[in-house]
Amino acid sequence: MLDTSQTAAWHDTGYLVLPGFKSLADCAAAMARAHALVEAFEPDAGASRFSTRDRSLVADAALLASAATVQCFFEEEAIDDAGKLLVPKSRAINKIGHALHDLDAVFSAFSHGPELAALAADLGLQAPQVWQSQLIFKQPHIGGEVGWHQDASFFVTAPQTVTTFWFALEDATLDNGCLWVEAGGHRGPRGVLREQYVCDHAAGTLRMQSLNATPWPTTAQAVPLPVAAGTLVVFHGLLPHCSAANRSAKSRLAYTLHVTDGQAAYAPENWLQRGGEFPVRGLG
Ligand code: FE2
């Protein structure tokens with residue numbers, strides 16, 4: 001699927017932008033299904049907010065339970081401390097996660113197929129395992145910032161293998177919070193894992209543990225990735241990336257998959273685990 005220049009760019013920069021990987025019809029079907037899931041969602045008093053700035057907003061139990069379910073999480077600015085909605089429900093959801101790819105027919109179809117399997121093989125994933133899916137809304141006006149991080153913090157394997165598949169369902173622009181990356185930041189002296197999200201499964205608790213003090217990229221090191229709907233951005237688990245808040249009037253829906261290589265050892269302290277009753281699957 002990838003030509004030699006794309007493979008070289010993947011190793012050099014740690015990411016690839018693949019315009020038109022999905023049809024606009026596939027994107028529309030995914031978005032329609034996402035909106036239907038939100039419509040059917042009945043928030044209760046214990047509804048969870050999601051913020052990468054303040055992970056304490058999400059109850060550990062709610063996050064852990066979402067590993068094997070389809071759960072909506074609210075935008076930090078969408079509900080008050082008493083759980084009262086401050087914007088219409090359709091504009092209040094930060095994301096849906098984390099087993100859409102296994103439990104929802106529309107997203108299962110979106111998340112599997114020969115094109116994805118071939119791409120994963122070209123990226124060096126010999127036995128792909130899809131651990132999580134997220135529908136990220138980046139709502140107009142209140143879509144939250146996602147600070148610099150590395151996705152490998154959440155999916156530690158030895159050796160490092162986690163690869164992110166980031167599908168733009170709508171145009172992602174500088175105004176509505178497109179991805180920013182540090183090109184080449186996955187390798188060399190800066191390609192170190194800075195943090196690990198550690199789960200104590202016996203206690204049911206989660207914490208972010210600092211591993212390395214290498215600074216996050218400066219503005220001068222950051223590359224924006226504005227992309228059209230249907231584009232797939234794949235990136236290496238150690239690649240630092242972020243996205244700004246969306247203060248524009250347009251949403252920026254994206255769908256992500258996190259995929260490891262089953263030949264690598266998957267850390268038992270990763271928050272997302274699958275048992276024999278709900279095994280992790282590949283991309284084919
Ligand atoms: Fe990420």
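These notebook entries record what I looked up about the salt bridges in this predicted model.

**Entry 1: the count.** I began with the total, and I found that the structure holds six salt bridges. I then took up several of the pairs in turn.

**Entry 2: Asp104 and Arg33.** I looked up this pair and noted a salt bridge between the two side chains, at 2.7 Å from N to O. Asp104 lies in the loop between α4 (100-103) and α5 (105-111), whereas Arg33 belongs to helix α2 (residues 24-40). The pair is 71 residues apart and links distant parts of the chain. Asp104 has 5% relative accessibility, which is under 20%, so I recorded Asp104 as buried. Arg33, at 30% relative accessibility, counts as partly exposed.

**Entry 3: Glu77 and Arg247.** Here I found a salt bridge of 3.4 Å, N to O, between the side chains. Both partners sit in loops: Glu77 between β3 (70-75) and β4 (93-98), and Arg247 between β14 (241-243) and β15 (254-261). They are 170 residues apart, and the pair links distant parts of the chain.

**Entry 4: Asp102 and Arg274.** I noted that these side chains meet in a salt bridge at 2.8 Å, N to O. Asp102 is in helix α4, and Arg274 is in the segment after β16 (265-266), 172 residues apart. I recorded both Asp102 and Arg274 as buried. Which residues are joined with them into one network? I found that salt bridges with shared partners join Asp102, Arg274 and Arg281.

Technical notes. Residues numbered from 1 in each chain as written. Predicted model: local features only at pLDDT ≥ 70, side-chain atom pairs only at ≥ 80, totals over all residues. Heavy atoms only, no water. Salt bridge = Lys/Arg side-chain N within 4 Å of Asp/Glu carboxyl O. Helix = DSSP H or I, 4+ residues; strand = E, 2+ residues; numbered from the N terminus. Buried < 20%, exposed > 50% of the residue type's maximum accessible area, 1.4 Å probe, protein only.
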